[in-house]
There are 2 protein chains.
Amino acid sequence: MPYDLWYWDGIPGRGEFVRLALEAGRIPYRERARQEGDEALAADMQSGRRNPPFAPPYLVAHGMTIAQVANILEFLGRRHGLAPRSLPGRLWVNQLQLTIADMVTEAHDTHHPIAAGRYYEEQKEAAAQRAADFRDARMPKFLGYFERALERNGKWLAGGRRWSYADLSLFHLVDGLLFAFPARMTTLAHRHPAVMALHDRVANLPELQDYFSSGRRLPFGDGIFRHYPELDGT
Amino acid sequence: MPYDLWYWDGIPGRGEFVRLALEAGRIPYRERARQEGDEALAADMQSGRRNPPFAPPYLVAHGMTIAQVANILEFLGRRHGLAPRSLPGRLWVNQLQLTIADMVTEAHDTHHPIAAGRYYEEQKEAAAQRAADFRDARMPKFLGYFERALERNGKWLAGGRRWSYADLSLFHLVDGLLFAFPARMTTLAHRHPAVMALHDRVANLPELQDYFSSGRRLPFGDGIFRHYPELDGT
């Protein structure tokens, strides 16, 4: 029976990190809210599960409801061989995934530094300040970290000859940064050649070409990664 | 050989979530930066490990360097029986821990909504706005979620007769909120009796009494949880 992935329709969002792992791992799944609408997701969230999710995405698999991106990926990684089998390898990939998640949250907060539930237009002034700090301090710090991780491990973040789910997630994070901060990324790309090479390597994975050409990979828009020219800068 | 815990001296910080698990689990550990100073931590961070941490806390155990709080706790939980053994139980506790981590980050950002590396005094205006949203929208949402999780699972978050590391972390999160937002928590405590009872239950755990009376549990101050009266309100 295929897994059920529940995430809001219309944006890649945090669901995309799970989607990439399912697609690259060739794991059958149904995208429930895309088939049945966001109302079905809202209703499912209220359905009184014993172990409820705080927020989408969540995966329903083997009778379990599994929420939080890094938690879902840990499950998929182990069950479907998308991460090293060894304990040190699994912990390292989970650690990387959690660091990627931290940067994703910070990228989101550049346009919503005050309140996630309000419009960008209501928090533009604070957004300009937070985005400047993100560009100047946080982007080099995070990207420099992933650069070092790749320098030490080789082609893939966890070493070895095959990608792990953390490589797919780093690809998507960099993709989002290229969309949201194209000017800043033009500057930073030169200093982070290993990160950019990883991005291109995942973009060209044979396992993902069907997905990329399918229309299932939604374009960036009004989600986590947003392109407001006034928040970008070299 | 005891584990090495590396975290900045002087504040409970994110290190405290790990510390509580080590202490309640009676797992021997050395607090390296408290013994050797923050310079030793800074030097250790630069020591060129193949799998480097992005930031403290990290644990050095059995030759592995394990960073990110939820990752460390997943390791300790499994190795030392601080979480259910079953796969659904482990995933649920990890999911809860990641949701706790999300709220911890949001609590931090109430006083640092613009730049983690700058002073609160430089971002007071934005902090007042973000704190208002945190108090009004986010605190009820997160605490309501943990309340439902306890209503459905009983005495402890993962059900059963013994605490898991997520219970310890929720205790510390609530403790931090009581310190930082005492007025708001006075209002919210009545609506979240199960969360408050969990907090008291962990505070009274026999396993933790030595720790609480030892002086090793540092008081809150200028860390994640800060009490600025102007950011609080009923």
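Q: How many residues of chain B are in contact with chain A?

A: Let's count across the boundary between the chains. In this predicted model, 33 residues of chain B are in contact with 33 residues of chain A. On the chain B side, β4 (64-67), α4 (69-80), α5 (87-111) and α6 each supply at least two residues.

Q: How do I read the way two copies are arranged?

A: Two copies of a chain are related by a rotation about an axis and a shift along it. For this pair, a rotation of 180° with 0.0 Å of shift along the axis puts chain B onto chain A, with an RMSD of 0.0 Å. The two copies are thus related as by a two-fold rotation axis.

Q: Where does helix α6 of chain B bend?

A: Helix α6 of chain B covers residues 124-153 and bends by about 40° at B:R138. A proline, B:P140, follows within four residues of that bend. After α6(B) comes B:G154, and its phi is positive, near 100°.

Q: Which residues have the most contacts inside the largest nonpolar core?

A: The largest one here has 136 residues, and A:A21 and B:A21 have the most contacts inside it. Domain 1 (3-80) and domain 2 (87-205) of chain B both give residues to this core, so it lies between them. Now zoom in on A:A21: leaving aside neighbours within four places in sequence, A:A21 touches A:L73, A:L76, A:L82, A:Y165 and A:L168.

Q: What does the secondary structure of chain A come to?

A: Chain A has ten helices and four strands. From the N terminus on, they run β-α-β-α-α-β-β-α-α-α-α-α-α-α. The radius of gyration of chain A is 18 Å, close to the 17 Å that the globule rule gives for 234 residues, so chain A is as compact as a globular protein of that length. Its C-alpha atoms fill a box of roughly 50 × 45 × 30 Å along the principal axes.

Q: What share of the residues of chain A count as buried?

A: It's 46% of the 234 residues. Among the contacts in chain A with a separation of 6 or more, 72% join residues 24 or more positions apart.

Definitions and conventions. Residues numbered from 1 in each chain as written. Chains lettered and ligands numbered in written order. Predicted model: local features only at pLDDT ≥ 70, side-chain atom pairs only at ≥ 80, totals over all residues. Bend = angle between axes of the 7 residues up to and from the residue. Core = buried A, V, L, I, M, F, W, Y, C linked by C-beta atoms within 7 Å. Buried ≥ 20, exposed ≤ 12 C-beta atoms within 10 Å, placed from the backbone. Domains from an automatic or database assignment. Contact = placed C-beta atoms within 7 Å. Rg over C-alpha atoms; globule rule 2.2 N^0.38 Å. Least-squares fit on C-alpha atoms with pLDDT ≥ 70 in both.
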